[in-house]
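User: I would like to learn how to read helix packing and charged pairs in a model. Can you take me through them step by step?

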Amino acid sequence: MVDPNGIEGLDAQFIGRVSPTAPRIQAGGHPCQGIYWTEAGKRPKVAIIATHYNVDFSEHYIAPYFARQGFGFLGWNTRYRGVEDQFLLEHAVLDIGVGMKWLKEEAGVEQIVILGNSGGGSLMGAYQAEAIAPTLTDRLPSAGQDALAQIIKGDLYISFNAHQGRPEVLTDWMDASVINENDPTLTDPELDPFNSDNGPPYSDAFIAKYRAAQRARNQRITDWAKAELKRLNDAGIPDRIFPMFRCWGDIRCVDPAIDPSDRKPNWCYRGDPAIANRTPSIGRANTIKTWLNMWSLETSPCQGQPHLAKHDTPALVVQGTADTGVFPSDARKIFDFLGSTDKQIELIKGAHYFEDSIEERQNAADLVGAWIREKL
């Protein structure tokens, strides 16, 4: 029996390309890179593309499952793989466009499915929205503006265990009790989600207070970032990097009664939330421009709703019910945000990457594959 996670009988082609706003570096690396997965010797007419803000998706776990169904799968990376602290959405969209163009012009693909997985959900959602009606033009130099006007629209969109948007997920995960952004030891005990006096279970009053304090923390950082960027620019300095602490504080991870699902209680992607919250993690380092571009609730264009509202192609939302970082309400919001009239939502068994069961991975791939064949 063929291991569905393996590569027996598959071709895996490495691709490296320049971007309209990023050349090949002197050491030889291309800003846009990925691996194209197909059945051995085949040239599929339908392909799937998946990209993340900073995670390397070239060897994506789901690629072999789709390739064995006869689809091409391009696990694609932008210039920001591994360098999240420098992310700018407008350039990432152009980099995704390079992968889309390669599929059409060099791989011989006729129809492309946009797969937005995990954090990549809002990124790929933004790409599709920009292909429909661009809003990022003024953020780009002239060469980038021309390229943005020519990016290729996908034929289908799939949200696959996806977060709503980059600012939304960071804010949901922020520890609201932080007092001083420069000192991870200082917290407000009345807002500390790991103070047993507060819960779990958490009262409705505490939940409301905590969620408001999370949004206030995001805004405080944004206010500082805008003032600090002006101060630096006035001194002739374009930007700076800064750290961020305590970002595994989503009370849903601790209290399973909030947004109930099949997830493991008191658990997050990094294990015990109380321990993970004390270690550097998501958003741990940022340039100021990246904070304002990716994480800020006030200024970021990486929020999901405005982009998803522009979608007009068939869309599928798939959510694993044991996911410890994306919850049923997130999936339902994404479904509601989608402007597509032809849309479907499926809550199925499995964790964030369906990592606990080959059967669950196969079921997820089969569900998506059947939907693609139905729509194309």
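Analyst: We start with a helix pair and then turn to charged side chains. Keep in mind that this is a predicted model.

User: At what angle do the axes of α2 and α3 cross?

Analyst: Angles of 65 to 115 degrees count as roughly perpendicular. Here helix α2 (residues 89-105) and helix α3 (residues 120-132) have axes that come within 10 Å and cross at roughly 80°. The two helices are therefore roughly perpendicular to each other.

User: Which residues of α2 and α3 meet?

Analyst: From α2 come Leu 89, Ala 92, Val 93, Ile 96, Gly 97 and Met 100. From α3 come Leu 123, Met 124, Ala 126, Tyr 127 and Glu 130. By class, that contact has nine nonpolar residues, one polar and one charged.

User: Now the charges. How many salt bridges are there?

Analyst: A salt bridge needs a side-chain nitrogen of Lys or Arg within 4 Å of a carboxyl oxygen of Asp or Glu. By this rule the count is 21. Take Arg 79 and Asp 95, whose closest N and O atoms are 2.8 Å apart. Arg 79 sits in the loop between β4 (72-77) and α2, and Asp 95 in helix α2, so the pair ties together parts 16 residues apart in sequence. Asp 95 has 0% relative accessibility, so it counts as buried.

User: What does Glu 130 pair with?

Analyst: Glu 130 forms a salt bridge with Lys 310, at 3.9 Å from N to O. Glu 130 lies in helix α3 and Lys 310 in the loop between α10 (304-308) and β9 (315-320), so this pair ties together parts 180 residues apart in sequence. Glu 130 is buried at 1% relative accessibility, whereas Lys 310 is partly exposed at 22%.

User: Are Arg 246 and Asp 175 buried or exposed?

Analyst: Both are buried. Arg 246 and Asp 175 form a salt bridge, with closest N and O atoms 3.4 Å apart. Arg 246 is in the loop between β7 (241-243) and α7, and Asp 175 in the loop between α5 (166-173) and α6 (204-234), 71 residues apart. Elsewhere, shared partners join Asp 172, Arg 211, Asp 250, Arg 252, Asp 259 and Asp 330 into one salt-bridge network.

User: Which side chain of opposite charge is nearest to Asp 255?

Analyst: That is Arg 263, 6.5 Å away. Asp 255 is buried yet has no salt bridge. Asp 255 lies in the loop between α7 (251-254) and α8 (273-276). Not counting residues up to four places away in sequence, Asp 255 touches Pro 200, Pro 201, Tyr 202 and Arg 263.

Key: Residues are numbered from 1 along each chain as its sequence is written. This is a predicted model: local features need pLDDT of at least 70, side-chain atom pairs count only at pLDDT 80 or more; totals for chains, interfaces and linings use all residues. Side-chain values use heavy atoms; hydrogens and water are left out. Axes are lines fitted to C-alpha atoms, for helices over the stretch in contact, and angles run from 0 to 180 degrees between N-to-C directions. Helices (H or I, at least four residues) and strands (E, at least two) are DSSP runs, numbered from the N terminus. Angles under 35 degrees count as roughly parallel, over 145 as roughly antiparallel, 65 to 115 as roughly perpendicular and the rest as oblique. Contact means heavy atoms within 4.5 Å. Ala, Val, Leu, Ile, Met, Phe, Trp, Tyr, Cys and Pro count as nonpolar, Asp, Glu, Lys and Arg as charged, and the others, Gly among them, as polar. Buried means under 20% relative accessible area, exposed over 50%, partly exposed in between (1.4 Å probe, protein chains only). Lys and Arg count as positive and Asp and Glu as negative; His and the chain ends are not counted.
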